[in-house]
Amino acid sequence: MTEPVFSLKNVVVTVGENTEILKSLNLDIFDGDFITVLGTNGAGKSTLFNAIAGNLPISTGQILHHNHNIANESAVTRTNYIARVFQDPKMGTAPRMTVAENLLLAEKRGAKRRLRSRGLTKEKLNEYATITKTMGNNLDTRLQTATGDLSGGQRQALSFLMATRVKPELLLLDEHTAALDPKTSEQLMLATNQQVTENHLTALMITHNLADALEYGNRLIILNAGQIVLDVRGEDKDMLTEEQILKYFIA
Amino acid sequence: MSIIVSSIGQGLLWAVLGVALFLTFRILNFPDMTVEGSFPLGAATAVAMIAHGVNPYLATISAFIVGAIAGLITGLLYTKGKIPILLAGILVMTASLSINLRIMGSANISLLNQKSLFSAAFLRHLPKYFDSVLVGSVIIAIITIALIFFLQTELGQAFIATGDNPNMAQSIGIKTDRMTIMGLMLSNGLIAFGGAVIAQNNGYADINMGIGIIVIALASIIIGEVVFGELTLNERLVAVIVGSILYRLVLLAVLQLGFSTNDLNLISAFVLALAMMLPQIRHALKLDTMLKKGVAPHD
């Protein structure tokens with residue numbers, strides 16, 4: 001095991017006067033980790049994501065990116081290396097812009113947006129048709145459709161593709177399949193797993209689906225009351241059962 | 001006939017405001033009240049400069065810059081100062097009233113016997129009012145084509161995304177505050193530019209000429225949308241121009257009915273309210289199905 005890509009050191013997030021949502025949390029994220037994140041409502045899962053992404057300031061502690069503290073970097077700066085897919089299908093796409101336009105926007109993550117033609121060429125459209133086809137939900141036939149007219153599943157698939165269009169050093173999946181029907185949800189989960197594995201992405205995935213948490217990823221963490229109460233990887237994770245997980249869910 | 005030409009000319013000149021307001025009202029998705037200040041600001045700047053002997057082209061471009069500064073201030077109050085956009089706009093609008101008086105030195109300055117954009121020799125040989133049609137067409141064509149190109153650039157797309165879904169825009173690294181400020185600067189720059197052109201067309205600048213501007217600009221946007229329905233972004237810009245001309249023709253019709261020019265603001269507000277309610281009225285009265293039935297063959 002080498003240097004972690006991201007490292008959270010004694011991270012505390014406080015709201016109001018002194019309600020600690022994250023209590024001195026420590027987490028090392030290594031290259032290629034696909035970590036499923038479990039925990040009850042209010043355990044601090046979303047807060048953890050917001051702290052990493054920079055949407056929520058941390059009170060004390062450090063967030064290290066290749067040993068460089070990024071705790072004071074803005075959320076927009078952090079998008080240079082962190083990408084995120086939200087639970088709400090409305091959050092991740094621009095509704096009045098087409099699927100192709102959204103993908104094109106995502107392609108410039110981390111690059112300067114200049115006063116030159118956006119370059120939506122035929123080759124680009126063909127490329128987009130290829131990558132959207134991998135999601136298996138007819139997204140490839142709707143490249144010129146405004147995303148507001150897509151189904152929730154198609155929008156989430158698009159959000160996922162946008163997040164990974166430029167390979168992020170860390171992909172945050174915030175219950176990205178939770179708002180979808182079981183079949184669509186499973187389809188997106190399979191596509192997610194395939195992309196993460198094939199492209200060797202480093203990802204954190206919040207889920208309330210215990211079966212998904214056990215099946216996917218190489219590592220699993222459980223949050224409770226703002227702290228990590230279980231952190232298992234590899235074989236230890238494979239041995240884990242749903243019953244054992246539920247024991248950690250007592251608030 | 002010549003009053004219709006005059007209306008078309010006015011529609012083309014005022015279309016600049018509709019297209020400019022489109023950038024904030026439709027693309028960024030908020031109402032920017034700054035325009036009621038930046039319009040007379042542009043007029044005052046250009047007219048005062050021309051009255052002091054400055055070249056009218058230079059004076060008109062200066063108006064754009066001054067308007068952009070007004071937009072910058074609104075943008076900073078909104079994004080950095082966290083003042084709600086409506087209030088930020090009203091603050092800058094109110095403040096610019098004083099600035100305008102400083103620039104003009106009095107509540108009204110005339111351009112009598114001064115050179116303006118409309119005093120080129122060939123324009124004066126045109127039949128009456130055709131000068132404003134020609135100048136208006138050229139200006140709005142240049143602005144619209146430039147905006148269409150801009151909106152298709154990487155920067156323009158980031159600007160559109162900012163208005164469409166700021167959350168998503170930020171999550172892919174777009175600096176939404178900067179995009180918002182840029183939009184406000186561009187929009188108010190164009191509004192002030194429009195103010196400068198219209199003041200030169202009228203032959204004077206007046207401290208009160210900003211009153212009701214936002215309603216007129218909105219009317220051209222809304223009328224264009226009501227008339228044409230679903231359109232692409234580029235087509236919508238053109239629809240605003242047509243909307244602006246239609247609005248002038250409606251005003252002309254109303255004035256022909258015997259209303260006085262003192263009633264213009266009342267009429268403007270009424271026309272806008274009516275245009276905005278039209279989709280509801282149409283739906284409530286089932287006008288569409290009624291019309292379709294009317295033209296369908298009897299079965």
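In helix α3 of chain A, the residues Val99(A), Glu101(A), Asn102(A), Leu103(A), Leu104(A), Leu105(A) and Ala106(A) are buried, where buried denotes 20 or more other C-beta atoms within 10 Å of a residue's own, with C-beta atoms placed from the backbone. This is a predicted model, in which local features need pLDDT of at least 70, side-chain atom pairs count only at pLDDT 80 or more, and totals for chains, interfaces and linings use all residues. Residues are numbered from 1 along each chain as its sequence is written, while chains are lettered from A and ligands numbered from 1 in the order in which they are written.

Helix α3(A) spans residues 99-107, and seven of its nine residues are buried. Its cover includes α4 (122-133) and α5 (152-165) of chain A, together with α7 (154-164) of chain B. Helices are DSSP runs of H or I with at least four residues, and strands are runs of E with at least two, numbered from the N terminus.

Chain A also holds an open sheet of four strands with antiparallel pairing, in the order β2-β1-β4-β5; strands pair if DSSP finds at least two bridges between them. Because β2 (19-29) and β5 (68-69) of chain A each have a single partner strand, one side of each is left without a neighbour in the sheet. Five bridges join β1(A) to β4(A), and Val12(A) stands opposite Thr60(A) in β4(A).

| Property of chain B | Value |
|---|---|
| Helices | 13 helices |
| Strands | two strands |
| Box filled by C-alpha atoms, along the principal axes | roughly 75 × 55 × 30 Å |
| Buried share | 49% of the 299 residues |

Key. Buried ≥ 20, exposed ≤ 12 C-beta atoms within 10 Å, placed from the backbone. Contact = placed C-beta atoms within 7 Å.
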